[in-house]
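Open the model in a viewer and keep the selection panel at hand. The stops below are given in the order in which to select them.

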Amino acid sequence: MQKILIKNIKGLAGIQEESQSPLRGNELANLQMLENAYLAIENGRIADFGSMEELAGVVDWTDLQVIDAEGKFVLPAFCDSHSHLVFAKSREEEFVDRIKGLGYEEIGKKGGGILNSARKLAEMSEDDLFEDAMKRLEEIKSYGTGAIEIKSGYGLTLEAELKMLRVVKRLKEVSDVTIKATFLGAHAFPAAYKSDKEAYVDLVINEMLPKVVEEGLADYIDAFCERNYFTAEQLDRILKAGVEAGLKPKIHVNQFSVMGGVQVGIKHGAVSVDHLEEMSEEDFKSLSESSTIATALPSCSFFLNIPYSPVRDMLNRNIALALATDYNPGSTPSGNMQLVQSLACIKMRLTPEEALNAVTVNGAAAMELSEELGSITIGKKANLIITKPMPSMAYMAYAFGENCVEQTLLF
Ligand code: NIG
Ligand code: FE
């Protein structure tokens, strides 16, 4: 039996005696922390934790690997519930175009954006996509990510969507990062379908979805509900088909405009509705009355220079809030969950405690991983971050741009 003891922990953060997930509204402010603590791991699971004073009596020291965390914090590894981590090439030429004044939506209309990524992905082999994605996974792990959701959506043909999802499947098999896969065939309309958009929706529903499900390639279904992209009616059709095929929705809504996508998602039992930079009064009301998680993506707002999601208003309305990266080459070329927390604090006025809960407990809930991940709870997987020495837990969000993670332990 593999046994690890982490001792002298300056602060053990994110404790939940009883796993409670997701946290809603005011509950996010409640981050339980134990100072001068130990944590025991057996067979990759949290076996015990407590204060150092109680340690002497409880530990069987035989075959024990000991990690001394003097001056350091231990917390649950981050759960990044929204990403597009599998992609072909970076898009810094569009970044420069935007600096010179073009808008993200304008670039998309000119055939850049998602279609640009789709062209590049079509030319790339499955093996090369896999190698690149693996490197990104290793990098985000070094920033503390222990679980991530990854979407397709840069394929936009049956073959290329399957290629992307097969890459995600391989990542699931070889990586110690816990991965969930989402089918996002409805990410953008390929140029050939510009004048017959319904035909593309039919292709997604009738050709792609059955194949994706048959090969067991996805856990969730997604669509980008937005002006110039998919309408609320098209979203409704796609989600209905996805749910019938056994996939729960996790969707892109309200990035630039309110289209009714939030209500369509909730109607189909969406695990989460994501982006939410724009919110109507009705959207707040719908979310506060549902169990669907609202996922905000502050590093996307930062990079595109668009409004930040009004998350403080969401918490005041008792909504369950998660934060994720949206890691992708167009709107968020960063998978750094520490930066997400810093931006949530600086730009959205969350406290560091609220931000940390939103990327751990609630991130896990937004991937239906609450039973296994997201908190320091006996019996859960011991997927943990050991920080570098820090003066306080709030230092992590405060010291934006610094990597405060020393080690990400994953089992
Ligand atoms: O979540 N908004 C839609 N999809 C991605 C960005 C896609 C891209 O620009 O490549 C997002 O921001
Ligand atoms: Fe996204």
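**Stop one: the ligand**

Select ligand 1 and Tyr154: an oxygen atom of the ligand lies 2.6 Å from an N or O atom in the Tyr154 side chain, a polar contact being a pair of N or O atoms within 3.5 Å. The protein covers 100% of the 330 Å² of accessible area that ligand 1 has on its own (Shrake-Rupley method, 1.4 Å probe). This is a predicted model, in which local features need pLDDT of at least 70 and side-chain atom pairs count only at pLDDT 80 or more, while totals for chains, interfaces and linings use all residues. Residues are numbered from 1 along each chain as written, chains are lettered from A and ligands numbered from 1 in the order written, and side-chain values use heavy atoms, without hydrogens and water.

**Stop two: the shell**

Show the 15 residues around ligand 1; Tyr104, Tyr154, His187, Gln255 and Ser331 come nearest (a residue is near if one of its heavy atoms lies within 4 Å). By class, this shell has 4 nonpolar, 9 polar and 2 charged residues.

**Stop three: the cysteines**

How many disulfides does a search of the whole structure find? It finds 0, a disulfide being a pair of cysteine sulfur atoms within 2.5 Å.

Technical notes: Polar contact = N/O pair within 3.5 Å; in protein donor to acceptor, adjacent residues only side chain to side chain. Nonpolar A, V, L, I, M, F, W, Y, C, P; charged D, E, K, R; others polar.
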